[in-house]
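Please keep the sequence and the 3D view open while reading.

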Amino acid sequence: MKFRDTVGLEIALRMCEAAIRQASREGALVSVAVVDAGGHLVSFQRMEGAEIAGPVLAPGKAYTSVANRIATADLAALTAPGGELYGLAGDRFVCFGGGVPLWADYGEDERVVGGVGVSGGTVAQDVACAEAAASVWRTG
């Protein structure tokens, strides 16, 4: 199977749509952002009525997942007081669930080529929506 190695607009839009469909199933109003390997915004959508922090938090979660090559839900404990990454949160780094890195290739050539971030629901809802978007990336 050939994996994509860049996050283009077409796939980013489909990922946003998948996150919003999942948010509707979850009963959440969210914002969703998809970024490329440099953390630059490719696509952003905000559901009508979604919280006002979403346009900041969703891209922040996507950026954080790319910059650290880890889901933001997994960063929460690492950035808490006493954690090995304590102090990371802030500025562009959003270290709670809802950000997922997007990988290209597997094995020796595996690398992060983008990320998705979702904000507006509970942490569990944001994670579910981000995973729905990431599944579009993984399955094409």
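Not counting residues up to four places away in sequence, Val34 touches Val7, Ala12, Met15, Cys16, His40, Leu41, Val42, Ser43, Gly115 and Val116; contact means heavy atoms within 4.5 Å. The model is predicted: local features need pLDDT of at least 70 and side-chain atom pairs count only at pLDDT 80 or more, while totals for chains, interfaces and linings use all residues. Residues are numbered from 1 along each chain as its sequence is written, and side-chain values use heavy atoms, with hydrogens and water left out.

The largest nonpolar core has 26 residues, and those that touch the most other members are Val7, Met15, Val32, Val34, Val116, Val118 and Trp137. At least two residues of this core come from each of α1, β1, β3, β4 and α4. The biggest contribution to this core is that of α1, with 8 residues. A nonpolar core is a set of buried Ala, Val, Leu, Ile, Met, Phe, Trp, Tyr and Cys residues joined through side-chain atoms within 4.5 Å. Buried means under 20% relative accessible area, exposed over 50%, and partly exposed in between, with a 1.4 Å probe and protein chains only. Helices (H or I, at least four residues) and strands (E, at least two) are DSSP runs, numbered from the N terminus.

## Strand β4 and its partners

Strand β4 (residues 111–119) is largely enclosed by the rest of the structure, because 8 of its 9 residues are buried. Strand β1 (residues 31–36) runs antiparallel to β4 and is joined to it by 6 bridges. Val34 stands opposite Val116 of β4. The pairing of β3 with β4 is also antiparallel, over 6 bridges, and here Gly99 has Gly117 in β4 as its bridge partner. Two strands pair if DSSP finds at least two bridges between them.

## Helix α1

The 18 residues of α1 should span 26 Å at 1.5 Å a residue, and the end C-alpha atoms are 25 Å apart, which agrees. The expected span is 1.5 Å times one less than the number of residues. Buried residues in α1 are Ile11, Ala12, Met15, Cys16, Ala18, Ala19, Ile20, Gln22 and Ala23. Their cover includes β1, β2 (41–46), β3, β4 and α4. Gly27 follows α1 and has a positive phi, near 75°.

## Salt bridges

The structure holds 4 salt bridges, each a side-chain nitrogen of Lys or Arg within 4 Å of a carboxyl oxygen of Asp or Glu. The table lists some of them, including the pair Glu10 and Arg14.

| Pair | Closest N to O |
|---|---|
| Glu10 and Arg14 | 2.6 Å |
| Arg138 and Glu131 | 3.4 Å |

Glu10 and Arg14 are 4 residues apart in helix α1 (residues 9–26), so about one helical turn separates them. Arg14 counts as partly exposed because its relative accessibility is 30%. Arg138, at 38% relative accessibility, is partly exposed, and Glu131, at 32%, is partly exposed too.

Which residues of α3 are buried? They include Thr72, Leu75 and Thr79. These residues cover an arc of only 40° around the axis, which puts them on the same side of α3; the arc is that of the directions from the helix axis to the C-beta atoms. Among the elements that cover the buried residues of α3 are α2 and β3.

Cys95 lies in the loop between α3 (72–79) and β3 (99–104). With a relative accessible area of 8%, Cys95 is buried. Beyond its neighbours within four places in sequence, Cys95 is in contact with Thr64, Thr72, Leu75, Ala76, Thr79, Leu88 and Ala89.

Arg69 is found in the loop between α2 and α3 and counts as exposed, at 56% relative accessibility. Its phi is near 55°, a positive value in a residue other than glycine. Most residues other than glycine have a negative phi.
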